Amino acid sequence: MKENLKLPNFFIAGVYKAGTTSLYHYLKQHPEIYMSPIKEPYFFARDFFKNKLRKDFAKSLKLDLKKYFSQRPLKEIYAALVERWEDYVKLFEEAKSEKAIGEASVGYLYSQSAPYEIFKRVPEAKIIIVLRNPIERAFSHYLMDLNLGFVKEPFLELLKKELSLKEKKWGTSHLYLEYGLYSKYLSRYLEVFPSYNVKIYLFDDFKKEPKKILKDIFTFLNVDPNFKVDISQKYNETQIPRIRNSVTAWFLRQFWLRAAINKVLPQKIKPLIKNALFTNSSGLSLSSEEKEFLKNFYKEEIKRLSFLLKRDLSGWLSC
């Protein structure tokens with residue numbers, strides 16, 4: 001092993017649709033933090049590589065790594081499956097004197113092997129997890145999949161279908177319910193890592209007081225807590241296209257293309273274009289039947305999570 005080998009010393013491990021993409025970009029602004037250019041490389045989720053992934057999902061994670069690493073500086077990519085250690089360490093070669101080096105594979109929370117694999121390589125690693133009301137998270141996840149063209153069925157139909165699945169593995173099916181069962185996933189990390197190296201935040205707090213949460217994270221990572229972050233831009237929000245068809249679904253799936261366009265557009269016209277193409281209202285909201293279904297499903301889980309975090313989360317059931 002090379003003496004100057006740089007490895008991540010912190011990981012954003014979850015969860016889907018809980019502001020982790022925005023957090024990734026905000027942390028990236030800090031001069032003492034280096035973030036992997038592939039936000040979600042999934043290297044430590046060894047069990048994921050054995051799963052038979054959905055065709056649409058597997059395609060979105062496919063990347064010619066030889067070509068990718070041949071071009072420097074490395075381009076920012078949303079996600080890719082990086083299987084080889086030799087490739088993984090290349091993601092951090094451009095790090096300089098940053099104190100904190102990280103990546104944000106939110107699938108690590110759901111992976112059975114990730115906490116143990118991370119601990120084997122980086123036993124002093126710090127883990128950051130952002131949790132969102134599982135009812136809201138599930139519906140936001142569904143809207144995203146609907147807009148990307150991954151699903152067409154009504155939400156409740158997919159929820160009932162999920163209950164009948166024999167195997168519920170990451171990336172194999174649309175697991176809107178399963179991904180909200182946080183307590184069992186958190187338990188793995190709390191068993192492996194010392195509690196002082198695991199920070200758990202709530203999406204509601206991050207949304208309400210982002211600067212306060214960021215300052216706390218900076219302190220946790222031992223970097224300057226007073227660095228001012230530009231939080232004006234939100235990332236990976238559930239964008240509702242004004243015209244929903246195969247073309248807009250394809251465009252929304254091209255994370256790299258959207259990122260490239262975003263970088264070259266003048267700041268003044270970005271909101272104008274966004275408002276012209278997208279709306280904050282999808283015309284879809286949780287029906288009373290869907291709400292009741294989700295509340296019944298998550299009632300006991302929210303109790304377990306409240307006990308685990310020593311925080312009353314019963315308000316999640318009144319959404």
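Biologist: In this predicted model, what share of the contacts between residues at least 6 apart in sequence join residues at least 24 apart?
Modeller: The count takes in contacts in the chain between residues at least 6 apart in sequence. Of these, the share that joins residues at least 24 apart is 75%.

Biologist: How many helices and strands does the chain have, and what part of the chain is buried?
Modeller: The secondary structure comes to 14 helices and 9 strands. The chain has 319 residues, and the buried part of them is 50%.

Biologist: Leaving aside neighbours within four places in sequence, which residues are in contact with Tyr88?
Modeller: Tyr88 is among the residues with the most contacts inside the largest nonpolar core. With neighbours within four places in sequence left aside, the contacts of Tyr88 are Pro8, Phe11, Pro41, Phe43, Phe44, Val82, Glu103 and Tyr108.

Biologist: Is Met35 buried or exposed?
Modeller: Met35 is found in strand β2, which covers residues 33–35. Beyond its neighbours within four places in sequence, Met35 is in contact with Phe10, Ile12, Tyr24, Leu27, Lys28, Gly102 and Glu103. Its relative accessibility is 3%, and the limit for this class is under 20%, so Met35 counts as buried.

Biologist: What separates the C-alpha atoms of Met35 and Tyr24?
Modeller: Met35 and Tyr24 are 11 residues apart along the chain, and Tyr24 is one of the contacts of Met35. The separation of their C-alpha atoms is 7.4 Å.

Biologist: Which residues of α1 and α10 make the contact, and of what class are they?
Modeller: α1 passes α10 in a right-handed crossing. The contact is made by Leu23, Tyr26 and Leu27 of α1 with Leu214, Ile217 and Phe218 of α10. By class there are no polar and no charged residues, and 6 are nonpolar.

Biologist: How are α7 and α14 placed, roughly parallel or roughly antiparallel?
Modeller: The axes of α7 (residues 155–163) and α14 (residues 288–309) come within 10 Å and cross at roughly 30°. Angles under 35 degrees count in one class, so α7 and α14 are roughly parallel.

Biologist: How many nonpolar, polar and charged residues does the contact of α7 with α14 have?
Modeller: The crossing of α7 and α14 is left-handed. Phe155, Leu156, Leu159, Lys160 and Leu163 in α7 meet Glu289, Glu290, Phe293, Leu294 and Phe297 in α14. By class, the contact has 7 nonpolar, no polar and 3 charged residues.

Biologist: What do the buried residues of α8 pack against?
Modeller: Helix α8 covers residues 182–192, and in this helix Tyr182, Ser183, Tyr185, Leu186, Arg188, Tyr189 and Val192 are buried. These buried residues pack against β1, α5, β6, α6, β7 and α14.

Biologist: Is Arg54 buried or exposed?
Modeller: The place of Arg54 is in the loop between β3 and α2. Leaving aside its neighbours within four places in sequence, Arg54 is in contact with Phe150, Gly171, Thr172, Ser173 and His174. The relative accessible area is 15%, so Arg54 is buried.

Biologist: Tyr42 and Asn222 have positive phi; which is buried and which is exposed?
Modeller: Tyr42, with phi near 60°, lies in the loop between β3 and α2. Asn222, with phi of about 60°, is in the loop between α10 and β8. At 1% relative accessibility Tyr42 is buried, whereas at 51% relative accessible area Asn222 is exposed.

Biologist: Where is the cis peptide bond with omega near -5°?
Modeller: The peptide bond from Gly14 to Val15 is cis with omega near 0°, and Val15 lies in the loop between β1 and α1. Pro73 is found in the loop between α3 and β4. The cis bond with omega near -5° runs from Arg72 to Pro73.

Note on methods:
Residues are numbered from 1 along each chain as its sequence is written. This is a predicted model: local features need pLDDT of at least 70, side-chain atom pairs count only at pLDDT 80 or more; totals for chains, interfaces and linings use all residues. Side-chain values use heavy atoms; hydrogens and water are left out. Axes are lines fitted to C-alpha atoms, for helices over the stretch in contact, and angles run from 0 to 180 degrees between N-to-C directions. Helices (H or I, at least four residues) and strands (E, at least two) are DSSP runs, numbered from the N terminus. Angles under 35 degrees count as roughly parallel, over 145 as roughly antiparallel, 65 to 115 as roughly perpendicular and the rest as oblique. A crossing is left-handed if the near helix is turned anticlockwise from the far one by less than a right angle, and right-handed if clockwise. Contact means heavy atoms within 4.5 Å. Ala, Val, Leu, Ile, Met, Phe, Trp, Tyr, Cys and Pro count as nonpolar, Asp, Glu, Lys and Arg as charged, and the others, Gly among them, as polar. A nonpolar core is a set of buried Ala, Val, Leu, Ile, Met, Phe, Trp, Tyr and Cys residues joined through side-chain atoms within 4.5 Å. Buried means under 20% relative accessible area, exposed over 50%, partly exposed in between (1.4 Å probe, protein chains only).
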